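Hi,

Here is the structure I said I would pass on. Have a look at it first, and then read on for what turned up when I went through it.

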Amino acid sequence: MIQILFFFFAAVAAGAAINVLVQKHVLYSALSLILMLTAMSVLFILLRADFLAVIQVIVYAGAIMVLFVFVIMLLNLPEDEDGADRLRWLKFIGIPLGLFFFFLVGATVWNVEPGSGTQAPFVGSPQAIGRALFTDYLLPFEVTSLLILIALVGAVVFAKKDL
Amino acid sequence: MIPASWYLILSAALFLIGVLGFFLKRNIIALLLSVEIMLNAVNLTFVVFSDQHRQISGQIFVFFVLVVAAAEAAVGLALVIAMFRNRESLNVDRSNLLKW
C-alpha cells in the first residue's frame, strides 16, 4: 500500500515537473507546479513529516503559487491564443469533483473522533517542530522575520513605478 | 517501508528537471518556477534524512527553505514586473545591456 502510494505520487511529482518545462504558456507551468507541490506533500506524509506536509500545501501551493499566478495574470502575457471554449467541457468534470470533495470533507469532519491527547508525539508533529524552533533554532527563526521584512520592502521598491 | 534511496533518486530527478528548466527556458517566470522545483527537490532530501536519522533538524531546515522561497518569490516577481514594464517582454535574452 505504501509502495503504491509512493510510486503513484512520485510519478505525479516527476510528471508534473516535466510538464512545467513542456508547457508553452507559463500559466500552465505554474498550475502544473502546484500539482507537483501537492504530490510532494503526500510524500512528506509518507515520511512522517505531517506538519511540513500541511505547510507545503498552505504556504507553498496556497500562498507562493498564488503570487506567481497573480503576477502571470496581471502581466497578461501575449502568447495565450487559446480561447476559453477549449475548457468548456471541464465544468462537467469540475462540478462533480468539487461536490465530491465537499462531501468528502464534510463526511470526514462529521465522523472525526475526539483524540485522547495522550499519544506520544512522533517525529514530524507540530509539537516537536515548535519545540525545536523555539529552543535550538530561536535565533534563525527570529532572523527569518527580518528576512521577510527585507523581502517585503524590496518587493515594494522594485515593483513601484517611481518612488 | 520505502528505502531512502528511492526518495533520493526521485529528489535527484526533480533537481535535474529543475536545472534543465533553468537552462532551457527563456521566460523569466519559467526560470523562477524551475528554481522552485529545485528547492522542493532539496526539501525532499532534507525530510528523507530527517526521517532516516530520527532528528527534527532536517524538517526545521525545510521550514527555513520555505521562508527563503517565499522571500525569493516576492522579490523575484517584483523584478519580473519591473522588467516587463521596461521592456514589454519576459525573455531573458532580451535583457542583455550588461552583456559584452
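Predicted model: local features only at pLDDT ≥ 70, side-chain atom pairs only at ≥ 80, totals over all residues.

In chain A, the C-alpha centres of domain 1 and domain 2 lie 23 Å apart. The domain assignment puts domain 1 of chain A at residues 1-78 and domain 2 of chain A at 125-163.

Chain A has a mean pLDDT of 84, with 86% of its residues reaching 70 or more. One stretch to treat with care is residues 80-84 of chain A, where pLDDT stays under 50. For that stretch the model has 1 contact beyond four places in sequence. Chain B averages a pLDDT of 88, and 99% of its residues score at least 70. Within chain B, confidence is lowest in helix α1(B), residues 4-24, with a mean of 89. It is highest in helix α2(B), residues 28-53, at 92. For the complex, the predictor gives an ipTM of 0.90 and a pTM of 0.81.

Now to where the two chains meet. How many residues are in contact between chain A and chain B? On the chain A side there are 59, and they touch 53 residues of chain B. The size of an interface is often given as the accessible area lost when the parts come together. Between chain A and chain B, about 5100 Å² is buried, and carbon and sulfur atoms give 82% of that area.

What about polar links? Across this interface the rule finds 7 residue pairs in polar contact, both residues being at pLDDT 80 or more. On the side of chain A that touches chain B, the elements that give two or more residues are α1 (2-22), α2 (26-46), α3 (50-75), α5 (126-134) and α6 (138-159) of chain A. The largest share of that side, 14 residues, comes from α3(A). By type, the residues on the side of chain A that touches chain B divide into 49 nonpolar, 6 polar and 4 charged.

Last, the salt bridges. Over all chains the count comes to 2, and 1 of these salt bridges is found across the interface of chain A and chain B. Arg48(A) sits in the loop between α2 and α3 of chain A, while Asp51(B) belongs to helix α2 of chain B, so the pair joins two chains.

Enjoy looking around!

Methods:
Residues numbered from 1 in each chain as written. Chains lettered and ligands numbered in written order. Heavy atoms only, no water. Contact = heavy atoms within 4.5 Å. Buried area = accessible area lost by both parts, 1.4 Å probe. Salt bridge = Lys/Arg side-chain N within 4 Å of Asp/Glu carboxyl O. Polar contact = N/O pair within 3.5 Å; in protein donor to acceptor, adjacent residues only side chain to side chain. Helix = DSSP H or I, 4+ residues; strand = E, 2+ residues; numbered from the N terminus. Nonpolar A, V, L, I, M, F, W, Y, C, P; charged D, E, K, R; others polar. pLDDT = per-residue confidence, 0-100. Domains from an automatic or database assignment.
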